[in-house]
Amino acid sequence: MKVAKKTIKFLAIAVIALITTTSFASISGNADQNHNVQNHDGGQVNTQKEVTDYIQHHLKDSHDFTFFSYTSEEGERKHFGFSLPVILWSSEGLVTFMSSEFHHNDDGHVIVEKNGLKFAKIHSKIYELNSDAATVSFDETHHATNAHKVLDFSITKSVVGILLASLLMFLGFSALAKQYKTREIPKGLGRALEPLVIYVRDEIARPNIGEKKYKKFMGFLLTVFFFIWILNLLGLTPLGFNVTGQIAVTLALALFTLVIYIFNGSKDFWAHTLWMPGVPYILRPILAIIELTGFILIKPFSLLVRLFANITAGHFVVMSLIALMVTMKEAFGPVASTGMSLVLALFIMVIEVLVAFLQAFIFTMLSSLFIGMAVEEHEHH
Amino acid sequence: MYNLIGAGLIVIGGGIGLGQIGGKAMEGIARQPEAAGKIQTAMIIIGALLEGLAFGALILGK
């Protein structure tokens with residue numbers, strides 16, 4: 001009975017975690033919209049601009065999966081990939097359709113009509129047009145004037161990445177757990193996973209949280225570690241994921257840590273945060289303010305920004321170095337530019353594999369450090 | 001323009017900090033090779049804290 005109860009609890013937590021992260025990933029509001037999408041001036045293609053736009057587009061979440069695209073001889077844009085479902089909560093309720101109906105348009109010129117409502121996609125965000133409008137009109141700063149954002153629960157590229165990582169983790173670890181019923185040492189994939197689990201336990205959780213209490217937090221720490229690591233590695237494949245580079249995803253992960261250490265804080269932790277013993281009374285409120293902002297704002301903020309900025313910067317550098325092949329072609333010739341781009345991109349890519357692990361490690365390490373600070377009980381003399 | 005200068009200053013500051021951390025850790029490991037593991041972990045944590053600060057400044061400055 002006990003096992004069944006635990007399983008149900010685990011499943012409930014997993015579902016809640018998944019829903020929170022995925023909805024954060026698709027609702028994410030990105031204010032950076034002021035870059036132009038017009039990259040054809042008089043038939044001439046501005047390579048520099050096209051490359052920058054491509055990288056910017058990659059760093060954002062998108063509603064379809066495009067592996068590569070090119071312009072054919074007839075001047076038609078061809079895309080290779082597949083479309084993903086769009087799920088919207090509009091003013092008239094739930095609306096669903098496939099993202100292929102936008103025909104890869106990203107500047108609001110293709111209007112999709114569903115349930116008598118009109119939708120347009122502008123910079124990877126879906127807008128609902130006002131009922132009297134036929135086309136989207138823009139003001140000088142390129143903001144839509146007659147359309148507004150809708151709640152977007154779409155299965156976007158990042159959500160697919162999150163689901164894929166969850167599936168991989170579920171398959172890998174349930175296989176590992178099952179093996180302990182029959183044998184001492186796991187075989188196959190489990191043999192590769194077991195040392196990592198033990199590493200997280202012995203190097204991260206035990207020294208930072210303490211021998212007595214670490215067990216309670218192992219589930220969270222292991223999940224976060226493998227989740228971030230798998231997603232970071234997925235981001236290095238040519239599939240084009242950039243999940244841990246979405247600030248919404250890292251925000252959700254940091255919020256989990258925040259909630260965990262706020263609700264597990266010991267009496268001593270709150271006493272030391274709110275009414276620090278051993279300092280003059282006049283200083284205590286000031287210290288309380290400093291400690292509270294530190295724990296509630298600065299620590300989660302540094303956690304989320306570190307992961308987001310590292311992954312974003314990594315993707316940006318790798319893609320820029322690959323783009324050298326195109327942008328430097330006129331200056332150095334095709335062979336030299338390709339060789340340079342290949343060597344540099346390979347070099348950075350190897351570093352990125354290290355960074356992928358390091359960021360997962362750091363996130364878990366700092367989470368356990370913060371949790372350890374909160375649950376620690378001081379000796380009373 | 002000014003935010004680029006700011007970004008440069010942040011990177012200089014972060015570089016000095018990381019250099020100090022790395023250099024001192026190296027020194028410590030050379031003096032006490034048996035403590036290498038502990039020093040490395042502490043080094044990575046401090047490095048991460050510094051990195052968080054620098055990235056935070058870069059993001060806010062953007």
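This report walks through the strands, ring pairs and helix contacts of a predicted model.

A few ground rules first. In this predicted model, local features need pLDDT of at least 70 and side-chain atom pairs count only at pLDDT 80 or more, while totals for chains, interfaces and linings use all residues. Residues are numbered from 1 along each chain as its sequence is written, chains are lettered from A and ligands numbered from 1 in the order in which they are written, and side-chain values use heavy atoms, with hydrogens and water left out.

## Strands and sheets

Helices (H or I, at least four residues) and strands (E, at least two) are DSSP runs, numbered from the N terminus. Two strands pair if DSSP finds at least two bridges between them.

Let's begin with the open sheet of 4 strands in chain A, whose order is S7-S8-S9-S10 with antiparallel pairing. Strands S7 (107-114) and S10 (147-149) of chain A are at its edges with a single partner strand each, so one side of each has no neighbour in the sheet. From one strand to the next, the twist averages 35 degrees; axes here are lines fitted to C-alpha atoms, for helices over the stretch in contact, and angles run from 0 to 180 degrees between N-to-C directions.

Chain A also has an open sheet of 3 strands, ordered S6-S5-S11 and again with antiparallel pairing. Its edge strands are S6 (93-98) and S11 (151-152), each with a single partner strand, so one side of each is left open in the sheet.

| Strand pair (chain A) | Bridges | Facing residues |
|---|---|---|
| S3 (residues 64-71) and S4 (residues 77-83) | 7 bridges | A:Ser69 and A:His79 |
| S7 and S8 (residues 117-122) | 5 bridges | A:Val112 and A:Phe119 |
| S9 (residues 125-129) and S10 | 3 bridges | A:Leu129 and A:Ala147 |
| S5 (residues 85-90) and S11 | 2 bridges | A:Leu88 and A:Asp152 |

S3(A) and S4(A) have 5 residues between them, and A:Gly75 in the turn has a positive phi of about 80 degrees. S7(A) and S8(A) have 2 residues between them, and here the turn residue A:Asn115 has a positive phi of about 55 degrees.

## Aromatic rings

Rings of Phe, Tyr and Trp (its six-membered ring) pair if their centres lie within 6.5 Å; planes under 30 degrees apart count as stacked, over 60 as edge-to-face and the rest as tilted. By this rule there are 19 aromatic pairs over all chains. One of them is A:Trp229 with A:Phe357, edge-to-face at 5.7 Å centre to centre and 80 degrees between the planes. This pair links distant parts of the chain, with A:Trp229 in helix H5 (residues 214-236) and A:Phe357 in helix H10 (residues 334-375) of chain A, 128 residues apart.

A:Tyr261 and A:Phe370 are also edge-to-face, at 6.1 Å centre to centre and 75 degrees between the planes. A:Tyr261 belongs to helix H6 (residues 247-263) of chain A and A:Phe370 to H10 of chain A, so the pair ties together parts 109 residues apart in sequence.

How do these residues differ in exposure? Buried means under 20% relative accessible area, exposed over 50%, partly exposed in between (1.4 Å probe, protein chains only). A:Phe357 is partly exposed at 24%, whereas A:Tyr261 and A:Phe370 are both buried.

Ring pairs also join A:Phe173, A:Tyr199, A:Phe225, A:Phe226, A:Trp229, A:Phe357 and A:Phe361 into a cluster.

Charges meet rings too: a charge sits over a ring if NZ of Lys or CZ of Arg is within 6 Å of the ring centre and within 35 degrees of the ring normal. The charged end of A:Arg284 is over the ring of A:Tyr281, 4.4 Å from its centre, and A:Lys299 lies over the face of A:Phe295 at 3.8 Å from the ring centre.

## Where chain A meets chain B

The axes of H10(A) and helix H2 (residues 36-61) of chain B come within 10 Å and cross at roughly 95 degrees. That makes the two helices roughly perpendicular (angles under 35 degrees count as roughly parallel, over 145 as roughly antiparallel, 65 to 115 as roughly perpendicular and the rest as oblique). Contact means heavy atoms within 4.5 Å; the residues making it include A:Phe361, A:Met365 and A:Leu369 of H10(A), and B:Ile44, B:Ala48 and B:Glu51 of H2(B).

A:Val305 lies in helix H8 (residues 284-327) of chain A and counts as buried at 1% relative accessibility. Leaving aside neighbours within four places in sequence, A:Val305 is in contact with B:Gly52, B:Phe55, B:Gly56 and B:Ile59.
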